[in-house]
Amino acid sequence: MKFVIVGYGRVGTRTARILQSEGHDVVIVESEHEKVERAREEGFTVVHGDGSEESVLQEADIGSADAIGALTGDLNTNFSACMIAKEHGCRTILRIDADYREEIYEKYAADVDEIIYPERLGAAGAKTALLGGDFNVLADLTERLSIASVEVPDGSPFVGKRVVEVDLPGDAHIYAHGRHHEPMTIPLPQTEIEAGDSVAIMAAPEGLDAVRSSLRGEA
């Protein structure tokens, strides 16, 4: 598959590396000269320019791409890139910061295929979204990270807490949430956990048991 990644910062770099390591064709769009040179040194095809401009995305051959990951730190740039790519038939993945208000989230969510929060989702989740993955799928994401789903029981200390407030052992994070038998989605900042909810966690394989115990109140 072919992907265009706009932004070669922390999230864009890691996402591009994962996709490249799996044999996918990745084109980087980046406006900062230093990052352009770094991406080229790592073997990527790079277009130097503003990802919010259609001419730049056309230079990246957006018309033949399967999906775009707009992963810069600027929401306006990301949204513009997604809207241009949408016109070319691409799957659109938009980076947004977790502290935006609900109405801002809903405004952008209606126009793109997936929204990712780098604070919770990370590059591995971005890769899953770009590939059209289902958040209920249990699989290894990288050599160091695995995902699993856990049902939160009535006795869990996290019932009534917002997802963004949950502090799990190690570097584990919740990246998706589902209520009862509903499909899992990326939680909004104000989403609270209820008994019977399912959460998808991302953690080092050796830490999964401790994370499950913590969520179930067994620790």
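Mentor: His 173 has Met 202 of β9 as its bridge partner. The model is predicted, so local features need pLDDT of at least 70 and side-chain atom pairs count only at pLDDT 80 or more, while totals for chains, interfaces and linings use all residues. Residues are numbered from 1 along each chain as its sequence is written, and side-chain values use heavy atoms, with hydrogens and water left out.

Strand β8 (residues 173–178) runs antiparallel to β9, and 5 bridges join them. Two strands pair if DSSP finds at least two bridges between them. Helices (H or I, at least four residues) and strands (E, at least two) are DSSP runs, numbered from the N terminus. Buried means under 20% relative accessible area, exposed over 50% and partly exposed in between, with a 1.4 Å probe and protein chains only. In a regular strand the side chains alternate between the two faces of the sheet. In β9, Ser 198, Ala 200 and Met 202 point one way, Val 199, Ile 201 and Ala 203 point the other way, and all are buried.

Now the rest of the chain. The chain has 7 helices and 9 strands, and 50% of its 219 residues count as buried. An open sheet is formed by 6 strands in the order β3-β2-β1-β4-β5-β6, with parallel pairing. Its edge strands, β3 (45–48) and β6 (114–116), each pair on one side only. On average, neighbouring strands of this sheet are turned by 20° against each other, direction ignored. β5 (residues 91–95) pairs with β6 in the parallel sense over 3 bridges, and Ile 93 stands opposite Glu 114 in β6.

Helix α4 lies across β1, β4 and β5 and runs at about 175° to β5. Axes are lines fitted to C-alpha atoms, for helices over the stretch in contact (heavy atoms within 4.5 Å), and angles run from 0 to 180 degrees between N-to-C directions.

The largest nonpolar core has 24 residues, and those with the most contacts inside it include Val 4, Val 29 and Leu 57. Such a core is a set of buried Ala, Val, Leu, Ile, Met, Phe, Trp, Tyr and Cys residues joined through side-chain atoms within 4.5 Å. β1 (2–6), β2 (25–30), α3 (54–59), β4 (67–70) and α4 (75–87) are the elements that give two or more residues to this core; α4 gives the most, with 6 residues. Not counting residues up to four places away in sequence, the residues touched by Val 4 include Val 27, Val 29, Leu 57 and Ile 68.

There is 1 aromatic pair. Tyr 8 and Phe 44 form this pair, which is edge-to-face, with 5.8 Å centre to centre and 65° between the planes. Tyr 8 lies in the loop between β1 and α1 and Phe 44 in the loop between α2 (33–41) and β3, so the pair ties together parts that are 36 residues apart in sequence. Rings of Phe, Tyr and Trp (its six-membered ring) pair if their centres lie within 6.5 Å; planes under 30 degrees apart count as stacked, over 60 as edge-to-face and the rest as tilted. Tyr 8 and Phe 44 are both buried.
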